[in-house]
Structures are given as structure tokens and as C-alpha cells.
Amino acid sequence: MTQASETTDGPAEVDNERLVFFSDAVVAIALTLLALELPVPHGSSDAEVWRAFREHLPDYAMFLLSFAVIAAYWVAHKWLFGRVGGFSPRLLWLNFVWLLGIILVPFATKVLIEDSPYQLSAVLYAAVVGGTGLALINSLRHCRARGLLRPHAAPEMMRRFQLFLTFPTVAFLLSIPFAFVTLSGAKYSWAVVFVLSALAARWATRPGAHPDREQSSSSARR
């Protein structure tokens, strides 16, 4: 029997749709704010503009990394909530924490660009990205624990997805102490982590070899 605060009926579908639409809008705003912070190259000639552009290449690289981070989190959020059939107030607030992380990414990126020589900028960026990942992991754990997932969300696939989310989250958080040893090394590690995570995404989200068997065994346990 479900409690009044945790529903899996028709109203839950409406609540989830509103939550997803609202989240999509916030992500779109965050991406827009990220682009607005891009430095514009200036000069009195084409050569000076190109020189200024080359000087800002590290800043543009950070923009691309942050864009990819937000895009990857949005894809993971979309994939997860496509398999959520229930709703609870705790899930709503966990999603708000995730959105807080998303809208802080442009701010952390700006700090990293303007204060790139300082360790605090890297610590802030890693903490924001890692904390955002933790919020999404806790949302997944809550959905699994409270039975808010749809029947087609095979347990094995959800475990793989949780492992996939855990890897980049832990890697970004571990880069915080690493930044005090080598600032540039911490920054390069973020790019490596993102590439490895992108390669692991297909493994994490592919259906299990026997999804029907997994669903039937899950139904039998319930």
C-alpha cells in the first residue's frame, strides 16, 4: 500500500510531468547563462582579434566542458525520469537540490575563468559538479527504495546506471584534494573523466540481456 505522500497513480504522472518540464526550463536557462559569460575577443585589427581569441582558448575550453557537463546531467535526468512512475515530496526536493547544482555551474565556471590561478576556483567547480551528481544519485536511490520506478525499469539496468553516475561524481569530488597538489592536473582530470563517462554511458543504459526475466523476478519479490 502506498502512503499519501508517495503516489504511483494518475496524479503522480501529472506531478512528474510538471517536475520534468520545470527542470528542462531551468537547464535551458543555465545553458544560456553559461554562454553569456563567454569572453569576447577585442582588437583594432583582424590580427589582434585572432590573438585575443587565442588567448581566451582556455576559457572557451572551460565553457565547452561546462556545457557538456550540464548536457550530460540533463540526459541522465531525462533517462531516469523516463522510468519514474511515482512521486513523493522527497523526490521533489531532491530534484530542487539537483537544479541548484545545475544553475551554479555557470557561476562556478565564471569563477574558474576569472580566478584560474587560484586553487579555490577549482575546488568550487569540482564541488558544484560533484554535488550535482550526488543529488541525482540520491534521487535514483530514493526511487529504487520507495518503489517509484516503472515496471520496465529492470533492476540490473538501474544498478548499472547508478554505478555510471557514481564514477564521475566521485572522480570530481576526489579532484578537490588533488587540486591542492596540482591545479592543472585537476583540470585535465575533469576532461578525462568526462570522456570515460561518455564511453561508459552506452553500457550503463543498455537493456539487460534478459529484461523480461529481471522484471518477473522483481515482481515475484514484491
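1. Let me start in a loop. Arg-83 lies in the stretch between α3 (57-81) and α4 (89-114). Despite that loop position, Arg-83 is buried, with a relative accessible area of 17%. Leaving out residues up to four places away in sequence, its contacts are Leu-148, Leu-149, Arg-150, His-152, Ala-153, Met-157 and Met-158. Please keep in mind as you look at this site that the model is a predicted one.

2. Now the overall layout. The chain has eight helices and zero strands, so a walk from the N terminus reads α-α-α-α-α-α-α-α, the elements being DSSP runs. Of the 222 residues, 41% are buried. Taking contacts between residues at least 6 apart in sequence, 80% join residues at least 24 apart. The chain exposes about 12,400 Å², and carbon and sulfur atoms supply 66% of that area.

3. A word on confidence, which you will want before any detailed reading. The mean pLDDT of the chain is 84, and 88% of the residues reach 70 or more. Over residues 1-5 the pLDDT is below 50, and this stretch has four contacts in the model beyond near neighbours in sequence. Over residues 209-222 the pLDDT is also below 50, with seven contacts counted in that way. Where pLDDT is low, the predicted coordinates should not be read in detail.

4. On to the aromatic side chains. The count comes to nine aromatic pairs. One of them joins Phe-22 and Phe-96: the ring centres are 6.0 Å apart and the planes stand at 70°, so this pair is edge-to-face, the cut-off for that class being over 60 degrees. Phe-22 belongs to helix α1 (residues 10-36) and Phe-96 to helix α4, so the pair ties together parts that are 74 residues apart in sequence. Phe-22 is partly exposed, at 45% relative accessible area, and Phe-96 is partly exposed too, at 34%. Ring pairs also bring in Trp-93, linking Phe-22, Trp-93 and Phe-96 into a cluster.

5. A second ring pair is worth a look. How are the rings of Phe-53 and Tyr-60 arranged? Their centres lie 5.1 Å apart and their planes are at 35°, so the pair is tilted; an angle under 30 degrees would be needed for stacked. As for cover, Phe-53 is partly exposed, with a relative accessible area of 31%, whereas Tyr-60 is buried, at 13%.

6. Gln-162 is buried, with a relative accessible area of 15%. Setting aside neighbours within four places in sequence, Gln-162 is in contact with Ile-137, Leu-140, Arg-141 and Arg-144.

7. Side chains of opposite charge can pair when their charged atoms come close. How many salt bridges are there? The count comes to one. Arg-159 and Glu-156 are three residues apart in helix α6, so about one helical turn separates them. Arg-159 is partly exposed, with a relative accessible area of 40%, and Glu-156 counts as partly exposed at 29%.

8. Finally, the surface. Phe-167, Val-192, Val-195, Leu-196 and Leu-199 make a nonpolar patch of about 470 Å². Which element gives the largest share of the nonpolar patch? That is helix α7 (residues 183-205), with four residues. Leu-199 has its place in helix α7. Leu-199 is exposed, with a relative accessible area of 65%; the cut-off for exposed is over 50%.

How values were computed: Residues numbered from 1 in each chain as written. Heavy atoms only, no water. Patch = residues over 30% accessible without salt bridge, like charges linked within 9 Å, V, L, I, M, F, W, Y side chains within 5 Å. Areas by Shrake-Rupley, 256 points an atom, 1.4 Å probe, with all protein chains shown as cover. Salt bridge = Lys/Arg side-chain N within 4 Å of Asp/Glu carboxyl O. Helix = DSSP H or I, 4+ residues; strand = E, 2+ residues; numbered from the N terminus. Buried < 20%, exposed > 50% of the residue type's maximum accessible area, 1.4 Å probe, protein only. Contact = heavy atoms within 4.5 Å. pLDDT = per-residue confidence, 0-100. Phe/Tyr/Trp six-rings, centres within 6.5 Å; stacked < 30°, edge-to-face > 60°.
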